[in-house]
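Good morning, and thank you for the time on the agenda. I would like to take the group through one structure; please look at the sequence and the coordinates on the screen first.

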Amino acid sequence: MTRRLAPSVNAGSMADIAFLLLIFFLVSTTIETDAGISRKLPPLIEDTPDIVIRERNLFRVEINKFDELLVEDIRMDIKDLKNAAMAFLDNGGGSGEDACTYCKGNGDLKSSDNPETAIISLTNNRETSYAMYIAVQNELVAAYNELRNREARRMYGISFVDMEKNLKDVRYGGDKNILKARIKKIQSMYPEKLSEAEPKNQ
């Protein structure tokens, strides 16, 4: 009587198939990354002195729970926010040490003295939508960027945004130390002083 051997399955190609499937899923899967707002926090100071801010140097922006925008307690459409912020920052209403030689604003004595003392205060409600919050932030940052672009073109013949791109570009052929100094100079002319107050519950 002949002894029969149990049939065997050649599993050598199974490892190849599994490996190919693994590569397929690695290549075709998209990894979602969270997007946020880039903010540099100030260093922690133990004893903060009392800072006196003139009322005219403070630009109040508020978003209520209905996503309505209030600028200086007056309702405003979001499309007008950038121009209102630019008019405040570039007002140049100061005199003497507070005078701004490069500002092109109206010089209103009821508005900011100069861009170095001008502060934008943003307050939102806890029920404010994230989309509205981001939209307001974008408009305020755009106001700073537009003023910086104007001065960068006047002084160096290139926009501030392009200067920042060149600084990050590894193929940039110019002197990056000079570029950094120029960027800091423009930033000091229009420093981004955007203060966010504690969100309101109502």
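I shall go from the overall fold to a pocket, a disulfide, the aromatic pairs and a few loop residues.

First, the conventions. This is a predicted model, in which local features need pLDDT of at least 70 and side-chain atom pairs count only at pLDDT 80 or more, while totals for chains, interfaces and linings use all residues. Residues are numbered from 1 along each chain as its sequence is written, and side-chain values use heavy atoms, with hydrogens and water left out.

The protein chain holds five helices and five strands. Helices (H or I, at least four residues) and strands (E, at least two) are DSSP runs, numbered from the N terminus. Read from that end, the order of elements is α-β-β-β-α-β-α-α-α-β. Of the 202 residues, 29% count as buried; buried means under 20% relative accessible area, exposed over 50%, and partly exposed in between, with a 1.4 Å probe and protein chains only. A contact means heavy atoms within 4.5 Å. Among contacts in the chain with a separation of 6 or more, 65% come from residues 24 or more positions apart.

Next, the second largest pocket. A pocket here is an open set of points on a 1 Å grid over the protein atoms alone, where a 1.4 Å probe fits, with protein on both sides within 12 Å along at least five of seven lines; lining residues have an atom within 4 Å of a point. Its volume, the space filled by probe spheres set on the points, is about 360 Å³. Which residues lie nearest its centre? They are Phe 59, Ala 84, Ala 87, Phe 88 and Ser 111, out of a lining of 22 residues. The elements that give two or more residues to this lining are β1 (58–63) and α2 (81–89), and α2 gives the most, with four. By residue class, the lining divides into ten nonpolar, four polar and eight charged. For that division, Ala, Val, Leu, Ile, Met, Phe, Trp, Tyr, Cys and Pro are nonpolar, Asp, Glu, Lys and Arg are charged, and the others, Gly among them, are polar.

I turn to the covalent link. With a disulfide taken as a pair of cysteine sulfur atoms within 2.5 Å, the count comes to one. Cys 100 and Cys 103 form it, with their sulfur atoms 2.1 Å apart. The link is right-handed, with 85° about the S-S bond. Are these cysteines buried or exposed? Cys 100 is buried at 15% relative accessible area, and Cys 103 is buried at 16%.

Four aromatic pairs are counted. Rings of Phe, Tyr and Trp (its six-membered ring) pair if their centres lie within 6.5 Å; planes under 30 degrees apart count as stacked, over 60 as edge-to-face and the rest as tilted. The rings of Phe 24 and Phe 25 have centres 5.4 Å apart and planes at 65°, so this pair is edge-to-face.

Finally, the loops. Most residues other than glycine have a negative phi. Glu 72, in the loop between β2 (69–71) and β3 (74–75), has a positive phi near 55° and is partly exposed at 35%. Asp 73, also placed between β2 and β3, has phi near 65° and is exposed at 70%.

Asp 98 sits in the loop between α2 and β4 (119–124). Leaving aside neighbours within four places in sequence, Asp 98 is in contact with Arg 54, Asp 113 and Asn 114.
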